[in-house]
Amino acid sequence: MALIVQKFGGTSVGTVERIEQVAEKVKKFRDGGDDIVVVVSAMSGETNRLIDLAKQISEQPVPRELDVMVSTGEQVTIALLAMALIKRGVPAVSYTGNQVRILTDSAHTKARILQIDAQRIQRDIKAGRVVVVAGFQGVDEKGNITTLGRGGSDTTGVALAAALKADECQIYTDVDGVYTTDPRVVAKAQRLDKITFEEMLEMASLGSKVLQIRAVEFAGKYSVPLRVLHSFQEGPGTLITLDEEESMEQPIISGIAFNRDEAKLTIRGVPDTPGVAFKILGPISAANVEVDMIVQNVAHDNTTDFTFTVHRNDYNNALQVLQGIAAEMGAREVIGDTNIAKVSIVGVGMRSHAGVASRMFEALAKENINIQMISTSEIKVSVVIEEKYLELAVRALHTAFELDAPAGNTAE
């Protein structure tokens with residue numbers, strides 16, 4: 001008998017019919033002798049509908065009240081799924097994040113989980129019940145409802161699995177696993193049987209939408225075996241694990257991630273003095289804008305050009321802050337570009353192979369794709385390019401690193 005935490009995303013519970021199908025799947029596991037805790041998202045489109053309602057009142061809703069509102073989406077789903085299980089003779093009980101006591105910090109709309117009180121769930125499991133928990137939400141120490149940001153239900157699932165010391169956390173979604181890249185961009189993408197936490201963390205942080213990055217961080221930190229599965233198709237999915245298999249067959253690159261949600265900002269002609277980076281990025285950070293890639297070029301006249309990328313949603317905010325900094329520092333100009341994208345190659349095999357970056361640059365050069373910025377780590381190389389070349393770049397790299405599926409074995 002195993003304790004399994006199963007998480008179902010919005011598309012998996014998008015209709016009453018689909019919720020009934022999820023109930024059937026959960027019942028099958030339970031009938032097989034497993035203890036089950038289920039985490040669910042709001043029905044697909046529901047969170048967007050609620051946010052749109054809020055924006056009809058205010059273009060920038062108060063974050064606390066927005067959390068109170070959007071957290072109701074999951075409350076509907078947990079109740080419906082518990083009802084569907086009870087209808088099938090499976091004892092079940094539903095809980096909101098507050099009732100479970102998923103304690104978070106007070107950063108509304110993007111809170112972080114601090115602690116989970118698992119006692120209530122453990123009592124229910126001992127009593128033979130399936131526990132259905134609302135994903136994406138928690139409560140701060142003052143009792144305020146908080147939400148964890150987009151994709152936060154993945155984090156709830158993994159955090160619960162860690163708190164309960166579950167044997168496996170299964171993430172059910174609309175894909176049957178983690179692929180070498182997005183199959184909608186590269187038809188020859190292949191499903192990976194296994195990937196390391198480290199690789200998955202890079203893939204998630206670099207734009208792969210399969211799992212939320214915080215969920216992968218949690219799973220890696222607490223060694224929770226994580227499996228990505230299709231909600232309504234049978235199959236082994238992809239296991240995300242600590243093991244780095246040493247194998248002659250292991251590819252150098254496991255996958256190619258990309259992100260269209262990038263924007264680039266440059267402040268030119270800043271005096272090149274100690275602390276210049278902090279003078280620029282300090283106020284950007286204080287404005288709650290996350291910076292990704294950074295490049296600094298020093299000119300002969302003792303000035304520097306400082307370029308960095310941010311999420312496209314933060315572009316206008318960051319631009320405004322940067323223009324204020326430029327006026328204070330006597331910079332020559334501030335320029336921005338929202339027509340960029342980031343493409344990254346990821347693989348633990350890079351540690352033991354030389355020439356990976358040059359192979360990447362060669363593949364892009366053959367397609368006449370100009371590289372604007374480069375960032376590297378031990379297991380990844382990222383480049384910023386013009387957005388219009390994104391799909392061409394991904395396909396070229398997928399082929400260059402021999403990730404294409406054999407003929408007749410594509411993702412389609």
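**Terms and values in a predicted model**

UniProt, in an unreviewed entry, places the feature "domain: ACT" at residues 265–348. The model discussed here is predicted.

Biologist: What makes up the span of residues 265–348, and how far apart are its end C-alpha atoms?

Modeller: The span is 31% helix and 45% strand, and its end C-alpha atoms lie 31 Å apart.

Biologist: How do you know that strand E13 pairs with strand E16?

Modeller: Two strands pair if at least two bridges are found between them. Strand E13 (residues 255–271) and strand E16 (residues 333–346) are joined by 11 bridges and run antiparallel, so by that definition they pair. Lysine 264, for one, stands opposite aspartate 337 in E16.

Biologist: Which sheet holds E13 and E16, and in what order do its strands come?

Modeller: An open sheet of 6 strands, in the order E14-E15-E13-E16-E18-E17, with antiparallel pairing. Strand E14 (291–298) and strand E17 (373–377) each have a single partner strand, which is why one side of each has no neighbour in the sheet. From one strand to the next the twist averages 25 degrees.

Biologist: Which helix lies across E16, E17 and strand E18?

Modeller: Helix H12 (residues 356–366), which runs at about 20 degrees to E18 (380–386). Methionine 360 has its place in helix H12.

Biologist: Why is methionine 360 called buried?

Modeller: Buried means under 20% relative accessible area. Methionine 360 has a relative accessible area of 0%, so the word applies. Not counting residues up to four places away in sequence, methionine 360 touches Val343, Ile345, Val381, Val383, Leu397 and Phe401. Methionine 360 and alanine 84 are 50 Å apart in space, C-alpha to C-alpha, and 276 residues apart in sequence.

Biologist: Which strands pair with E2, and over how many bridges?

Modeller: Strand E1 (residues 3–8) is joined to E2 by 6 bridges, and the two run parallel. From E1 the chain crosses through helix H1 (residues 16–31) to E2, a β-α-β crossover that is right-handed. Lysine 7 stands opposite valine 39 in E2. Strand E6 (residues 130–134) also pairs with E2 in the parallel sense, over 4 bridges. There, valine 40 stands opposite alanine 134 in E6.

Biologist: Which residues does the UniProt annotation "binding site" cover?

Modeller: The annotation, from an unreviewed entry, covers Lys7, Phe8, Gly9, Gly10, Thr173, Asp174, Tyr179, Arg184, Lys209 and Val210. They are spread over 204 residues of sequence, and in space up to 23.8 Å between C-alpha atoms.

Biologist: How do you know that the side chains of aspartate 174 and threonine 173 make a polar contact?

Modeller: The distance is 3.1 Å, and the cut-off is a pair of N or O atoms within 3.5 Å. Residues adjacent in sequence count only if both atoms are side-chain atoms, and this contact is from side chain to side chain.

Biologist: Where does valine 210 lie?

Modeller: In the loop between helix H8 (197–205) and helix H9 (213–221). Neighbours within four places in sequence aside, valine 210 is in contact with Asp154, Val175, Gly177, Val178 and Val228.

Definitions and conventions: Residues numbered from 1 in each chain as written. Predicted model: local features only at pLDDT ≥ 70, side-chain atom pairs only at ≥ 80, totals over all residues. Heavy atoms only, no water. Right-handed = clockwise from strand over helix to strand, strands pointing away. UniProt positions renumbered as here; feature names shortened; annotations may be inferred. Polar contact = N/O pair within 3.5 Å; in protein donor to acceptor, adjacent residues only side chain to side chain. Contact = heavy atoms within 4.5 Å. Axes fitted to C-alpha atoms, helices over the stretch in contact; angles between N-to-C directions. Buried < 20%, exposed > 50% of the residue type's maximum accessible area, 1.4 Å probe, protein only.
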